Amino acid sequence: MPAKRVFDESRSTVVSTVRDHHYFKSLGARFSTLVDFSEIMLKHGVPQDLLRRGMLDILFKVSLKPGSRVEIVHQKPDMRKIFLTPGTVTEARPEDGMITLRRTVRGEGLYDGLGVPKESGDYILSTFKLGEWFYESLYFSKSGELKGAYYNVCTPVEFAEGKVKYVDLLIDVVKLPEEEPRVVDADELDKAKEEGLLDGDTYEKSKAVAEQLCDVLKNVKLEKSLFSCYPFSCS
């Protein structure tokens, strides 16, 4: 999304350009036509924020509304795509560009990073915010007891029709109830930079996001989503 916004800024020096022009154009023909219409409205004085909000409202209404089934496309820096267990939208907030998905856990073992037992019937609430450099997953037992939280650092989250997309930046932050937050998998981030899979700016941004998350989580009693209890953004 940052690259798309650079293109937006360049285009806006020549012609009327609605905010996130290239992002919405990438969503396909339906949204391409909507962008064209919005830019006509922009020339007639309709505010940028109102037009962008209208396009988000349509995207959410089409495929991100409560009850919708949403895929999670978890792409690695080496371009491998991993499709995580899909989730069902439990909350959609187009005004904030946010959705929460509920995913049911099957199987047993230990949760990576958290190191706590995985039990069949557990569920995960994952919250994604458009353009944010991380997303949050809260892990619960089937009785609703919070087992831990996992913050996946990634390229700015994008929504498509029925999908959430991002590139995993490998470093993550975890927090268990009543414990201090900690960074995990920093070595994987270092390795990706050494192998030329990440540029220096992205590498530094990833570390900064993880550090910022840790600082905030030290002062938060984790009972619900960080997004709902703290006005926080790494964008």
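The model is a predicted one. The second largest pocket holds about 420 Å³ of space and has a lining of 16 residues. Nearest its centre lie Gln-75, Glu-158, Lys-165, Tyr-166 and Val-167. Besides S10, the elements that supply two or more residues to this lining are helix H1 (2–12), strand S1 (69–75) and S2. By class, the lining of the second largest pocket has 9 nonpolar, 2 polar and 5 charged residues.

Strands S10 and S2 also take part in the largest pocket, where each gives two or more residues to the lining. The space in the largest pocket comes to about 720 Å³. Its lining is made up of 26 residues, and those closest to the centre are Leu-84, Arg-103, Asp-112, Tyr-139 and Tyr-150. Along with S2 (81–93) and S10 (163–175), the elements giving two or more residues are strands S3 (98–104), S7 (134–140) and S8 (146–154). The lining of the largest pocket divides into 11 nonpolar, 6 polar and 9 charged residues.

The search for such spaces has a simple basis. When a probe the size of a water molecule is rolled over the atoms, the places where empty space is left show up.

Turning to the protein as a whole, the secondary structure consists of 7 helices and 11 strands. The radius of gyration is 19 Å, close to the 18 Å that the globule rule gives for 235 residues, so the protein is as compact as a globular protein of that length. Along the principal axes, the C-alpha atoms fill a box of roughly 55 × 40 × 35 Å. Of the 235 residues, 47% are buried.

H4 covers residues 48–63, and at 1.5 Å a residue its 16 residues should span 22 Å; the C-alpha atoms at its ends are 23 Å apart, which agrees. The buried residues of H4 are Leu-51, Arg-52, Met-55, Leu-56, Leu-59, Phe-60 and Ser-63.

How many disulfides does a search of the whole structure find? The search finds 0. Why does Cys-154 count as buried? Its relative accessible area is 0%, and buried means under 20%. Cys-214 has a relative accessibility of 8%, so Cys-214 also counts as buried.

Note on methods:
Residues numbered from 1 in each chain as written. Predicted model: local features only at pLDDT ≥ 70, side-chain atom pairs only at ≥ 80, totals over all residues. Heavy atoms only, no water. Disulfide = S-S within 2.5 Å. Buried < 20%, exposed > 50% of the residue type's maximum accessible area, 1.4 Å probe, protein only. 1 Å grid on protein atoms, 1.4 Å probe; cavity = no way out; pocket = protein on both sides within 12 Å on 5 of 7 lines; lining within 4 Å. Points joined across faces, edges and corners; volume = space filled by probe spheres on them. Helix = DSSP H or I, 4+ residues; strand = E, 2+ residues; numbered from the N terminus. Nonpolar A, V, L, I, M, F, W, Y, C, P; charged D, E, K, R; others polar. Expected span 1.5 Å × (residues − 1). Rg over C-alpha atoms; globule rule 2.2 N^0.38 Å.
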